[in-house]
Amino acid sequence: VNASGTSLYDGTVNFVADSNSGSYRLRQSVNGVETFDLNEGTNYNSASDVTSSTTSFTAASVHTGVQAHFGAEQTLDYFFTEHSRDSYDNVGTTLLSYVSYSSNYNNAFWDGSRMTYGDGDGTNYNPLVSLDIVGHEITHGVTQYSANLVYSYESGALNESFSDIFG
């Protein structure tokens, strides 16, 4: 369903959500973007859906998830529209995003199958889910599946620079 929400860095944004048992969650069966909350944990099996009782995701507790979800949707759309690429692997694999990784985690990363975002420490870093960071992490997946660069030395530096450029 069409939904909107309050993001951390882009104000009110529009995106697609999933209707589920009387509530809504940041999952999309249409274009394959799903966003989960690790609730400051590190176990992906314990992640929870980011939900709202309406199609308006405005509660402060969902702003980080909304930002990551919106960023993933926008990045997916960019790669499809500009490069005719269907997801990071070009076969339509769902983009999985996990927010609120660990406690005071000052980083974001692609682990080969999903994006993970820390909330920052609140002093030096805020949640690492801005559009450029989301684009950066998803581009690691694109690079993995299109260039197959070994993430080491010069090829690792190329991988990072491609992600910076596209981010």
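The structure is a predicted model, in which local features need pLDDT of at least 70, side-chain atom pairs count only at pLDDT 80 or more, and totals for chains, interfaces and linings use all residues. Residues are numbered from 1 along each chain as its sequence is written, and side-chain values use heavy atoms, with hydrogens and water left out. The chain has 3 helices and 11 strands; these elements are DSSP runs numbered from the N terminus, with helices (H or I) of at least four residues and strands (E) of at least two.

**Overall plan**

- Along the sequence, the elements follow the pattern β-β-β-β-β-β-β-β-α-β-β-β-α-α.
- The radius of gyration is 15 Å, close to the 15 Å that the globule rule gives for 167 residues, so the chain is as compact as a globular protein of that length. This radius is taken over C-alpha atoms, and the globule rule is 2.2 Å times the number of residues to the power 0.38.
- The C-alpha trace spans about 50 × 40 × 30 Å along its principal axes.

**The five-stranded sheet**

- An open sheet of 5 strands has the order β6-β5-β9-β11-β10, and its pairing is mixed. Two strands pair if DSSP finds at least two bridges between them.
- The edge strands, each pairing on one side only, are β6 (48–49) and β10 (108–110).
- Strands β9 (residues 95–101) and β11 (residues 115–118) run parallel and are joined by 3 bridges. Within β11, T116 is the bridge partner of Y98.

- Strand β1 (residues 2–6) runs antiparallel to strand β2 (residues 12–16), and 5 bridges join them. S4 stands opposite N14 in β2.
- β1 and β2 form a hairpin with 5 residues between them, and G11 in the turn has a positive phi of about 70°.
- β1 also pairs with strand β8 (residues 56–57), in the parallel sense and over 2 bridges. Here S56 in β8 is the bridge partner of S4.

**Helices on the sheet**

- Helix α1 (residues 63–83) lies across β5 (33–37), β9 and β11, and runs at about 160° to β5. Axes are lines fitted to C-alpha atoms, for helices over the stretch in contact, and angles run from 0 to 180 degrees between N-to-C directions.
- Helix α2 (residues 131–146) packs on the sheet and touches β9, β10 and β11. Contact means heavy atoms within 4.5 Å.

**Helix pairs**

- Two packed helices are described by the angle between their axes and the distance between the axes.
- α1 and α2 pack at an angle of about 55°, with their axes 9 Å apart. They are therefore oblique to each other; angles under 35 degrees count as roughly parallel, over 145 as roughly antiparallel, 65 to 115 as roughly perpendicular and the rest as oblique.
- The residues of the contact of α1 with α2 divide into 7 nonpolar, 6 polar and no charged. Ala, Val, Leu, Ile, Met, Phe, Trp, Tyr, Cys and Pro count as nonpolar, Asp, Glu, Lys and Arg as charged, and the others, Gly among them, as polar.
- α2 and helix α3 (residues 153–166) pack at an angle of about 130°, with their axes 8 Å apart. These two helices are therefore also oblique to each other.
- In the contact of α2 with α3, H136, T139, H140 and T143 of α2 meet N159, E160, F162, S163, D164 and F166 of α3. These residues divide into 2 nonpolar, 6 polar and 2 charged.
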